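Student: Hi, I have a structure open that I have never looked at before. Could you walk me through it?

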Amino acid sequence: MGIMNYEIGGNEVKQTSSEGIANIPQNRTLFVGLLTADEPVSPEAVANLKTVEDVYAKFQPNVDVEFENAEGQTVKENFRFQNTADFQVKRMTENSPFLGQLSVQKDFYEKLVKLLRTNKVLQKALENPDSRQAMVDALCQLRNELKQTSTI
């Protein structure tokens with residue numbers, strides 16, 4: 001116990017709580033960046049923002065992003081952030097038509113690879129060059145039929 005300095009007429013007041021500073025966990029990442037297209041003109045002190053949601057509502061962070069599709073064309077999208085969860089990959093994919101389409105394609109290709117690895121009958125058919133070419137021809141014909149029905 002530390003040495004206490006008492007003076008005449010003083011009363012000892014026991015501390016009922018302790019103030020402590022916790023170290024920042026090592027498994028955290030802090031991302032700081034400009035989340036709007038507009039450069040800040042001057043620093044602004046804002047009072048009465050009590051929660052993270054209040055901060056998002058006040059500043060309405062958003063960012064314009066350019067993607068490049070398979071044909072090499074630029075696809076522009078705007079991401080708006082209303083809470084911290086909007087930075088998750090799942091949420092960004094849900095809020096973006098372009099990323100949503102890529103996610104569907106990714107899921108399809110993953111299922112196709114799994115099917116190719118586990119389906120023994122399909123593997124046997126692909127080993128034979130004649131049956132492989134017949135499957136390619138059938139898939140090409142199916143693709144053409146799908147294109148024709150989607151344009152109607």
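Tutor: We can go from the overall layout to single residues. This is a predicted model, in which local features need pLDDT of at least 70 and side-chain atom pairs count only at pLDDT 80 or more, while totals for chains, interfaces and linings use all residues. Residues are numbered from 1 along each chain as its sequence is written, and side-chain values use heavy atoms, with hydrogens and water left out.

Student: OK, how many helices and strands are there in the protein chain?

Tutor: The protein chain has 5 helices and 2 strands, where helices (H or I, at least four residues) and strands (E, at least two) are DSSP runs numbered from the N terminus. Along the sequence, they follow the pattern α-β-β-α-α-α-α.

Student: And in which sense do strand S1 and strand S2 pair?

Tutor: Strand S1, residues 62-68, and strand S2, residues 74-80, pair in the antiparallel sense over 7 bridges; strands are said to pair if DSSP finds at least two bridges between them.

Student: Which other residues have a positive phi without being a glycine?

Tutor: Asn48 is one of them, with a phi of about 70 degrees, and it is found in the segment before helix H1 (52-59). Gln60 is another, with a phi of about 45 degrees, and its place is in the loop between H1 and S1.

Student: Is Asn48 buried or exposed?

Tutor: Asn48 counts as exposed because its relative accessibility is 64%; the cut-offs are under 20% relative accessible area for buried, over 50% for exposed and partly exposed in between, with a 1.4 Å probe and protein chains only. Gln60 also counts as exposed, at 52%.

Student: Switching topic, what share of the protein chain is buried?

Tutor: Buried residues make up 8% of the 152 residues in the protein chain. The largest nonpolar core has 5 residues, namely Tyr56, Phe67, Phe79, Phe81 and Phe98. Such a core is a set of buried Ala, Val, Leu, Ile, Met, Phe, Trp, Tyr and Cys residues joined through side-chain atoms within 4.5 Å.

Student: What does Tyr56 touch, then?

Tutor: Leaving aside residues up to four places away in sequence, Tyr56 touches Pro61, Phe81, Gln82, Asn83, Thr84 and Phe87, where contact means heavy atoms within 4.5 Å. Gln82 and Tyr56 are 26 residues apart in sequence, yet their C-alpha atoms are 5.6 Å apart in space.

Student: Where is Gln82, by the way?

Tutor: Gln82 is in the loop between S2 and helix H2 (89-94), and it counts as exposed because its relative accessibility is 60%. Asp86 is found in the loop between S2 and H2 too, but Asp86 counts as buried, at 7% relative accessibility. Apart from residues up to four places away in sequence, Asp86 touches Arg80, Phe81, Arg91, Met92 and Asn95.

Student: Last one: which residues form a nonpolar patch on the surface?

Tutor: That patch is formed by Phe108, Tyr109, Leu112, Leu115 and Leu116, which together have about 470 Å² of accessible area, and Phe108 has its place in helix H3 (residues 97-118). Accessible areas come from the Shrake-Rupley method with a 1.4 Å probe, and for residues only the protein chains shown count as cover.

Methods. Patches are made of residues with over 30% relative accessible area and no salt bridge: like charges are joined within 9 Å, nonpolar side chains (Val, Leu, Ile, Met, Phe, Trp, Tyr) within 5 Å. A salt bridge is a side-chain nitrogen of Lys or Arg within 4 Å of a carboxyl oxygen of Asp or Glu.
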